[in-house]
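Colleague: I've got the two chains open on my screen. Can you walk me through them?

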Amino acid sequence: MSLGKDTSRSGTPDVPVTDKRKIAAAGVLLLIPVVALLWVDTYAREDPKLFGFPFFFWYQFMWVFICSAMTWAAYKLTLSARAPRKGDDQ
Amino acid sequence: MTAPVTVMVTGGGVNTVALAVLIALFLVVTVLGFYASRFKRAESLDTLDEWGLGGRKFGTWITWFLLGGDLYTAYTFVAVPAAMFATGAVAGFFAVPYTIILYPIIFIFMARLWSVSHRHGYVTTADFVRGRYDDRSLSLAVAITGFLATMPYIALQLVGIQAVLEVAGVGGSDNIIAKDAPLLVAFAVLAAYTYSSGLRAPAVIAFVKDILIYVVIIVAVVYLPSEVGGWDAIFGAAEEKMTTTNEVTGAPQGSFIPGSEAMWAYATLGLGSALALFMYPHSITASLSSGSRDTVRRNAALLPAYSFVLGLLALLGWVAIAAGTDPTGLDGEINPQLVVPQLFEDFFPAWFAGVAFAAIAIGALVPAAIMSIAAANTFSRNIYKEWLKKDATPAQEAKVSKLASLVVKAFALVFVLTLDRQNAINFQLLGGIWILQTFPAIVFSLYTRWFHRTGLLVGWAVGMVYGTYQAYQAINPITGKHFGSPLDPIPGIGDLGYIAMTAFALNLLVTVVLTLVLRAANVSNGSDATEPGDYYADAHDPRVRYDLEHQDDPWRGEPQAK
């Protein structure tokens with residue numbers, strides 16, 4: 001169970017060096033859609049309508065795209081936050 | 001396949017063309033299911049890694065189709081519009097925020113679970129818990145919860161197929177053999193190719209399922225609104241129905257847009273369901289079958305496409321209100337679950353209705369296959385190998401898993417055919433409450449060993465008992481039956497909230513208090529087989545290959561000297 005033995009076997013370091021600021025930024029990006037959609041009070045109303053859709057519905061559909069974009073941005077941020085480790089493919 | 005056809009055409013009101021299309025598409029996926037054993041071919045399918053996880057090498061697109069086909073089940077396609085049709089937005093449309101916030105949540109923890117599972121050969125979440133705490137009881141609790149929660153979910157896939165067959169005119173016969181023959185045939189065929197091809201079968205069939213679903217929903221959403229007077233008329237009809245007073249309860253029929261009293265209900269249903277979904281064994285199985293740490297993360301950004309479609313599908317429940325769809329079953333009773341298939345039969349030519357029926361029916365086969373594989377893996381890894389036959393070889397494990405997948409499906413079939421459909425729905429409601437109680441042991445443990453294993457176990461037990469009791473106490477105001485609602489007044493707030501979340505909060509409280517006590521008393525928290533670096537391991541980590549080559553015990557961190 002010792003770390004030393006493990007490292008000597010594979011040459012793989014433990015935890016990759018991480019840019020904490022980028023990880024935090026990614027965390028914020030991921031948190032925004034969760035807060036926005038759980039805060040039902042902000043969007044449970046009928047107006048303004050869009051193409052006949054009450055606000056309540058088109059607003060939530062809109063978040064599908066925003067959330068997707070934010071998750072993709074968070075993905076790119078986490079990739080750049082961690083340098084590839086020795087032994088990894090990249 | 002000719003036998004069921006002859007049975008069908010003797011019934012009244014059978015839509016022959018739609019049935020023919022349905023059967024033809026079913027035959028296509030049957031061939032694909034058996035052919036799938038050659039897909040990304042392995043030397044042998046006699047290990048859980050190959051049979052149960054497809055070799056752990058699916059790329060971004062295969063995983064996208066597989067997870068999409070897995071998470072968005074036939075029952076979802078039937079039940080969400082049914083809920084919209086019957087009681088409106090709180091019961092139905094919460095599925096949209098649920099399946100949006102789902103992805104940021106799994107983005108955060110799934111990469112860690114993938115890495116540690118890849119590094120140690122874990123196939124189930126119970127494997128991980130076993131490795132993290134060296135605790136057989138906690139691992140068994142997680143395994144049994146997963147197993148129990150999955151069973152009714154499989155049964156509900158059959159309910160989805162039944163709804164389609166009923167609208168197509170099959171299933172009303174008095175002869176029990178004739179009535180259930182199509183379902184029996186469909187499930188026997190599914191069981192056969194799942195047995196022979198393992199996870200590769202649903203992976204291949206998911207392509208057909210998902211494409212059919214996209215085509216059908218997009219066509220429906222483009223074509224139907226103009227037929228019933230446009231979206232204004234649809235929302236108008238829905239608002240009128242939902243605000244009408246129900247004669248039995250004296251309350252409004254349902255909710256058009258959640259009022260201030262329903263905010264907590266809407267939010268907790270969304271959050272509780274999102275936290276719970278990836279605790280189910282079938283979601284984990286599909287995630288762990290992906291080929292790299294980043295595959296799941298990329299998918300978290302791409303999978304919301306399905307959520308968009310689910311939202312459109314939910315609104316079809318309201319299109320049906322505007323269209324005056326009559327979801328009366330072959331038994332003469334109103335069954336809202338028939339509303340979507342009925343809508344397609346009313347408005348589309350028979351052949352396209354057949355395509356829509358096939359989309360739902362095939363939509364049931366993919367999750368049913370993955371769920372039975374996942375439940376079977378849980379049984380063979382965490383019950384058979386852990387408790388019954390400790391020295392089981394990988395080949396024996398795979399054999400037990402394959403047999404268990406048959407047993408699980410047979411059980412689901414018996415469940416649906418012998419019990420009232422409502423039982424399956426009640427147990428599914430309970431399953432959602434139960435599975436969320438495993439969240440602390442699985443997800444928190446990915447980050448920290450601060451929580452004490454005994455605290456996690458007791459917290460889980462308290463959450464299970466409390467949630468089950470509250471769900472039992474929830475009386476349906478119309479029928480007066482137990483398990484009438486997933487909602488219950490939240491203690492301290494008073495508004496209705498999702499019972500799973502209340503139970504989860506109680507679970508957390510118990511876990512934290514006990515952890516503080518047990519840590520203060522210096523009670524051992526077991527040994528940890530994982531290391532910090534394991535949670536970042538990626539594909540082709542040299543240590544992964546080393547361990548797999550040496551076939552060592554998956555729960556141990558280090559290979560044993562032999």
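Modeller: Start with P48(A), which sits in the loop between α2 (20-38) and α3 (55-81) of chain A. Helices here are DSSP runs of H or I with at least four residues, strands are runs of E with at least two, and both are numbered from the N terminus.

Colleague: What kind of peptide bond joins D47(A) and P48(A)?

Modeller: A cis one, with omega at about 0 degrees.

Colleague: Before we go on, what am I looking at, and how is it numbered?

Modeller: This is a predicted model; local features need pLDDT of at least 70, side-chain atom pairs count only at pLDDT 80 or more, and totals for chains, interfaces and linings use all residues. Residues are numbered from 1 along each chain as its sequence is written, while chains are lettered from A and ligands numbered from 1 in the order in which they are written.

Colleague: How many helices and strands are there in chain A?

Modeller: Chain A has 3 helices and 0 strands. Along the sequence the pattern reads α-α-α.

Colleague: And how much of chain A counts as buried?

Modeller: 27% of its 90 residues. Buried means 20 or more other C-beta atoms within 10 Å of the residue's own; exposed means 12 or fewer, partly exposed is in between, and the C-beta atoms are placed from the backbone.

Colleague: Where is F57(A), then?

Modeller: F57(A) is in helix α3 of chain A. F57(A) is buried because 24 other C-beta atoms lie within 10 Å. Its C-alpha atom is 43 Å from that of V15(A), 42 residues away along the chain.

Colleague: Which residues of chain A does UniProt label "transmembrane region"?

Modeller: The unreviewed UniProt entry puts that annotation on residues 23-44 and 56-75 of chain A. UniProt positions are given in the numbering used here, feature names are shortened, and annotations may be inferred rather than shown by experiment.

Colleague: What does the model show over those spans?

Modeller: Residues 23-44 of chain A are 73% helix and 0% strand, with the end C-alpha atoms 32 Å apart. Residues 56-75 of chain A are 100% helix and 0% strand, and there the end C-alpha atoms lie 29 Å apart.

Colleague: Switching to chain B. What's its secondary structure?

Modeller: Chain B has 24 helices and 2 strands. Of its 562 residues, 61% are buried. Its C-alpha atoms fill a box of roughly 70 × 55 × 40 Å along the principal axes.

Colleague: Now a helix pair. How do α2 (residues 16-35) and α11 (residues 200-227) of chain B cross?

Modeller: Their axes come within 8 Å and cross at roughly 145 degrees. The axes are lines fitted to C-alpha atoms, for helices over the stretch in contact, and angles run from 0 to 180 degrees between N-to-C directions.

Colleague: Which residues make the contact between α2(B) and α11(B)?

Modeller: V28(B), V29(B), L32(B) and G33(B) from α2(B), with A201(B), V204(B), I205(B) and V208(B) from α11(B). A contact means C-beta atoms, placed from the backbone, within 7 Å.

Colleague: What about L199(B): where does it lie?

Modeller: L199(B) is in the loop between α10 (176-197) and α11 of chain B. L199(B) counts as buried because it has 29 C-beta neighbours inside 10 Å. Setting aside residues up to four places away in sequence, L199(B) touches G52(B), L53(B), G54(B), T285(B), S289(B), I370(B) and I373(B).

Notes:
Two residues are in contact if their C-beta atoms, placed from the backbone, lie within 7 Å.
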